[in-house]
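Keep the 3D view open as you read.

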Amino acid sequence: MAVAEYEKLPRADVPSPALEKKLHDLWETKPGIFGWIATVDHKEIGIRYLVTAFVFLIAGGIEALVMRLQLAGPNETILTPTEYDQLFSMHGITMIFLYALPVLSGFSNYLFPLLLGSRDMAFPRLNAFSYWTFLASGLFMYSSFLIGSAPNDGWFNYAPYALKPFNPGLNMDFYALGMIFYGISTTVGAANFVVTVMRHRAPGMSINRLPIMIWGTTTISVGLLFANPAVSLAFFLLWMDRQFGTHFYDVAGGGKPLLWQHLFWLFAHPWVYVIVLPAMGIVSDALPVFCRRPLVAYTLVILGTITTMVLGFGVWVHHMFATGIPFLSMSFFSGASFIITIPSAVAVFAWIATIWTGEVVLATPFYFFAAFISMFVIGGVSGVMTASVPADLQLTDTYFVVAHIHYVLIGINLFGVLGGVHFWFPKFTGKMMSEAIGKVSFWLIFVGFNVAFLPMHVTGLLGMPRRIYTYPENVGWTTVNMITTVGAFILASGILVFLVNVVVSRRSGVEAGPNPWDAPTLEWATSSPPPPYNFPVMPAVASRHPLWEDRLDEGTGHSSVLRGLVLDDGKETLATSVLDATPVAILKMPEDDPWPFLVTVALTVGFTGLLIQWWWMGGGAAIAVVIGGIVWLWPRADLGQKAGAAYE
């Protein structure tokens, strides 16, 4: 599309009620069961991600509380060793895979088009498919509890313990197939985010004007496209060893158990940043709102985000310092583990400088963001300790590492997420969350978290190994374990108060209005909650903070939200160039479609067949998926032709 052609397209000064009604009818998801199954609205999918992730968070939290009761004192018998193995394994799987990334995907799915000034994600049907496969894979793994065969070798799933001679049940088959299933969701979701940020932006939103949250999610999405193949291969080879007697990890057959660790940690260490960088993006975008100024060192924070993800692929061996690999190799990975703290420290100093030079508003979201910074520092400092080979050799497989991983994976993620929920809840629902209840929940969560996990560092230094289901008396671990258990229940009470606040505020909260926080980004230019079409006219952006232009001296023009391009010939949105966001095409977006759900059902049947060795079921499901994909895509080929013809 030439610039001259773009300028000739119809525009509206102020969207008329007739235009808004027409757009609403075009974009609204139809009510009823069909609409619930078939919707491709990114906002509905985002809310589903958030709700489902919090359900898994509750499940993982209950598992943790039962384990803490078992460890509150010596020689407890609440759980058998077998039950404890299954519980701590599913707790790790739930928190790391089924909660930590999906909850961030919920924010990104809901907010990406709104932040970018678009009407939907690049591939709406693929977006729905990503959610359904996430839900199905989680239920697939949790269904293992129904037959008493939940995964029992930890979320790290080390060979040879995961091989059939040591683990003959279906436990690890559930995990191997479930993670391959889950990998489909994360891969297609990552591709969708990357294409959306490249092609679906408001005119003028060049890459140097993107919100930090967009940078964080895009960076980890690119990382996932490289990391997912490694772990999918690792689980596939494990499944082959277990089902067909191959010897990829079997020493007796010439295999190498360390191959599992290399493949797994090549994925799992970047995964740490996958579930941290988007949370950092949430804080980087929302914290300045409560400091009444832009983020300090915007460009450096972006460079630090990208550098962290890149370096994250070069430090996986620091999880393997105790496996007997050569010291020369360990020295390189130890050095990389120290270096990776530098770009993270840039973000910390940027947040502190933003607070120091701003005019702080002490609202509940700010409390969570400030706590996030402290969790980030504590988790980072303990991580630097384990980057040292001599220290790691002493600390590995102790509760010190458990403390570190909870500060990094849960402390950083959870506080960023809860702050984000308080911040964007008005946009999600049109209602404000209660400040009084919010502050009560914050202090319970903050105190409970630190009472639970700070003493774990001491527990590890006292020599308590991780993954043990009980311990004897007179070894000096009883007091610290009791403190940790008390802290865990305080933390749980804080989460309960937060959930009560969500429910009460959703029903009877104060009406929020479009921009209750006086925030600067495009999502706050829409109503709360936004209409199905997001923007009645396509906005144009002239600065990094389009809603703060009157008070900031940035950019060379003026952003336009109420006057813009009218796209109402069906479900349409604008495609733009990668770097400068110059309009290049008008895209026809798909209608609601049940095929993402149906293809997921077929995949679930197929993985179930592979689990129970009904090969005909797995093969039949594979054929159904192929046929479903053809039926899904073939009638829509004209959409791609229409969109592609508009590109120069």
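## Overall build

The protein chain has 21 helices and five strands. Its radius of gyration is 25 Å, close to the 26 Å that the globule rule gives for 648 residues, so the chain is as compact as a globular protein of that length. Please keep in mind that this is a predicted model. Along the principal axes, the C-alpha atoms fill a box of roughly 80 × 60 × 50 Å.

## Two pairs of helices

Let's begin with helix α12 (residues 327–339) and helix α13 (residues 341–357). Their axes come within 5 Å and cross at roughly 10 degrees. Angles under 35 degrees count as roughly parallel, and α12 and α13 are therefore roughly parallel to each other. In this contact, Ser337, Phe338 and Ile339 of α12 meet Thr341, Ile342 and Pro343 of α13. By class, the contact of α12 with α13 has four nonpolar, two polar and no charged residues.

Now find α14 and helix α17 (residues 435–461). Here the axes come within 10 Å and cross at roughly 10 degrees. α14 and α17 are therefore roughly parallel to each other. Among the residues that meet are Tyr367, Phe368 and Met375 in α14, with Phe442, Trp443 and Phe446 among those in α17. The contact of α14 with α17 divides into eleven nonpolar, seven polar and two charged residues.

## The largest pocket

Next come the empty spaces. Rolling a probe the size of a water molecule over the atoms shows where empty space is left.

The largest pocket has a volume of about 1000 Å³. Of the 47 residues that line this pocket, His269, His318, Gly383, Thr386 and His404 are the closest to its centre. Which helices supply at least two residues each to the lining of the largest pocket? They are α9 (257–274), α10 (277–286), α13, α14 (364–387) and α16 (399–429). You have already met α14 as a partner of α17; in the largest pocket, α14 gives the most to the lining, with nine residues. By class, the lining of the largest pocket has 28 nonpolar, 15 polar and four charged residues.

| Cavity | Volume | Nearest its centre |
|---|---|---|
| Largest cavity | about 180 Å³ | Leu101, Ser105, Thr186, Gly189 and Phe193 |
| Second largest cavity | about 150 Å³ | Ser284, Asp285, Leu295, Thr521 and His545 |

The largest cavity is lined by 21 residues. α5 (81–116), α6 (124–142), α7 (171–199) and α8 (212–244) each supply at least two residues of this lining. The lining of the largest cavity has eleven nonpolar, ten polar and no charged residues.

The second largest cavity is lined by 14 residues. By class, the lining of the second largest cavity has seven nonpolar, three polar and four charged residues. To find this cavity in the 3D view, look for Ser284 and His545, which are among the residues nearest its centre.

How values were computed:
Residues numbered from 1 in each chain as written. Predicted model: local features only at pLDDT ≥ 70, side-chain atom pairs only at ≥ 80, totals over all residues. Heavy atoms only, no water. 1 Å grid on protein atoms, 1.4 Å probe; cavity = no way out; pocket = protein on both sides within 12 Å on 5 of 7 lines; lining within 4 Å. Points joined across faces, edges and corners; volume = space filled by probe spheres on them. Helix = DSSP H or I, 4+ residues; strand = E, 2+ residues; numbered from the N terminus. Nonpolar A, V, L, I, M, F, W, Y, C, P; charged D, E, K, R; others polar. Axes fitted to C-alpha atoms, helices over the stretch in contact; angles between N-to-C directions. Parallel < 35°, antiparallel > 145°, perpendicular 65-115°, else oblique. Contact = heavy atoms within 4.5 Å. Rg over C-alpha atoms; globule rule 2.2 N^0.38 Å.
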